[in-house]
Structures are given as structure tokens and as C-alpha cells.
Amino acid sequence: MRLLLALTFVLVPAPAPDAFWGPVGHRVIGQIAEARLHPDARAAARDLLDGASLADVSTWADSVRPHRPATSPWHYVNIPISESAYDPARDCPNGQCVLGAIEQFRAVLADRSAPRAERAEALRFLVHFVGDMHQPLHVGDDRDRGGNDLQVQFMGSGSNLHRVWDSGILQALGIGEETLVRRQLERLASLDEATLARGSVTDWAMEGHARSRDHAYALVPADRQLGAAYV
């Protein structure tokens, strides 16, 4: 499961209730993670999920969100882009953010004495939240709810910056799910696995935070017209 958590950063979205990584982003992350798992870990995950794949369950946390509103804060963390470090007291009070949720469910999944149903739910949440954390606007905020309140024109249509990063960019690329997976697996094969596996959950969040500051926000032109150059 360490490998699952570490390797899902390769697709580089505090959101409104209806804003999150689109299904394609989550499924691609799930496919990449499962492909990179040790065969024993892959088999154990499939068994825990009653035969479902990580891609199959990758959007489950969004589907239950309307019925379990207490889970909403778990999908993001609002770290101001003006800050250089994560402050749990400021950014994640009472552990109610994506970083706190990942640590919580990571512990449940690792506890073999926990009920099977609880461990299976923990895995479903983990697959989703690790994905969410690597959408830069789920970890970086410019006092606009992670770009939800920043209205833009994207490829000629009205949108907001958060939605652009959730799904707009992937849609604009016009590349199918399987092609995205293949390209990223090829890219991973050329990188050093030990380097990929380094770091803490907070380190991964701050990497995305830097992307939100230096790319997602910084590259928005004054007229907020986002086209092919932004993609």
C-alpha cells in the first residue's frame, strides 16, 4: 500500500460540494496504482474489494458524499498559496482535511484486526483521497475556495479554475483513459522508483501546493481567457 500511495502522484483538484477530480482522472490514477503494486498486494486489494479493481472503486468516495456530508472536508486541504508550509492547526483543524483522512484510513487499512468491511471502506477512501490530493487546487488556495470562485473562460466556455483542473484540461487533451495510463506507465518506467517512493503525505501535498501556486494560478492571464497555451 506504500507503493499505491507513493506512485499516484503522476497525474498532475478547497472545492465546492460538486467539484472534484473527474472520473477519468481518478480511474487513471487507480489503474496506474494497481499496475505498479506487488502481485501479492494487488491480489489482497482485489480480495478486499470483492474482485473490484482500484479504478472501479476510485470514484466511490464522491458517490457517497451527498449522503455522508461529514466526509466533504476530507477531499481537500486549504493551504494558502502565500504560505510555504503546512500548518495542521490552521489548515486541518481536528484532522478534518485530506491529509488527516489519508492518515486515518491508512491506519485502518493496515490494521488486520479491524473488521473487513471497515478495511475495504478505508481502501476505497484512500484510493480516492490520494488522487484528490494530487490535483493542485485541492491543496492550494488563493482565498477563492481552491479556484472555485475564480471565474474563467476555458476553451471559449465559462468555467472556474477548479473545474478546469478537475476535468477540463484532461478533456481538452482529447486523450482516452487507456492512452493516459499507458503514457504515464511508460514515463514511470524511466524514473527511479526509490525517489518516487520517498517523502511523507505532507511532502506530497506541498509538491501539489507549489504546482497550484506556480502553475494553476500564476499562468492565468489578466483577461482569464484560458486556451491551448494554458493547457
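**Helix packing and the nonpolar core**

Q: At what angle do the axes of α3 and α8 cross?
A: Two packed helices are described by the angle between their axes and by the distance between those axes. In this predicted model, the axes of α3 and α8 cross at roughly 115° and come within 9 Å. Because angles of 65 to 115 degrees count as roughly perpendicular, α3 is described as roughly perpendicular to α8. The crossing of these two helices is left-handed.

Q: Which residues make the contact of α3 with α8?
A: From α3 come Ala45, Asp47 and Leu48, while α8 contributes Arg116, Arg119, Ala120 and Leu123. Sorted by class, the contact has 4 nonpolar and 3 charged residues, with no polar ones.

Q: Which residues touch the most other members of the largest nonpolar core?
A: In soluble globular proteins, nonpolar side chains tend to be buried together. Here the largest nonpolar core has 35 residues, of which Leu99, Phe129 and Met133 touch the most other members. At least two residues of this core are supplied by each of α3 (39-48), α4 (54-57), α7 (98-110), α8 (116-133) and α12 (201-217). The largest share, 9 residues, comes from α8.

Q: What does phenylalanine 129 touch, not counting residues up to four places away in sequence?
A: Phenylalanine 129 touches Ala61, Trp74, His75, Val98, Ala101, Ile102 and Phe105, with that exclusion applied.

Q: How many residues are in the second, separate core?
A: The second core has 14 residues, including Ile81, Val152, Val164 and Tyr217.

Terms used: Residues are numbered from 1 along each chain as its sequence is written. This is a predicted model: local features need pLDDT of at least 70, side-chain atom pairs count only at pLDDT 80 or more; totals for chains, interfaces and linings use all residues. Side-chain values use heavy atoms; hydrogens and water are left out. A nonpolar core is a set of buried Ala, Val, Leu, Ile, Met, Phe, Trp, Tyr and Cys residues joined through side-chain atoms within 4.5 Å. Buried means under 20% relative accessible area, exposed over 50%, partly exposed in between (1.4 Å probe, protein chains only). Helices (H or I, at least four residues) and strands (E, at least two) are DSSP runs, numbered from the N terminus. Contact means heavy atoms within 4.5 Å. Axes are lines fitted to C-alpha atoms, for helices over the stretch in contact, and angles run from 0 to 180 degrees between N-to-C directions. Angles under 35 degrees count as roughly parallel, over 145 as roughly antiparallel, 65 to 115 as roughly perpendicular and the rest as oblique. A crossing is left-handed if the near helix is turned anticlockwise from the far one by less than a right angle, and right-handed if clockwise. Ala, Val, Leu, Ile, Met, Phe, Trp, Tyr, Cys and Pro count as nonpolar, Asp, Glu, Lys and Arg as charged, and the others, Gly among them, as polar.
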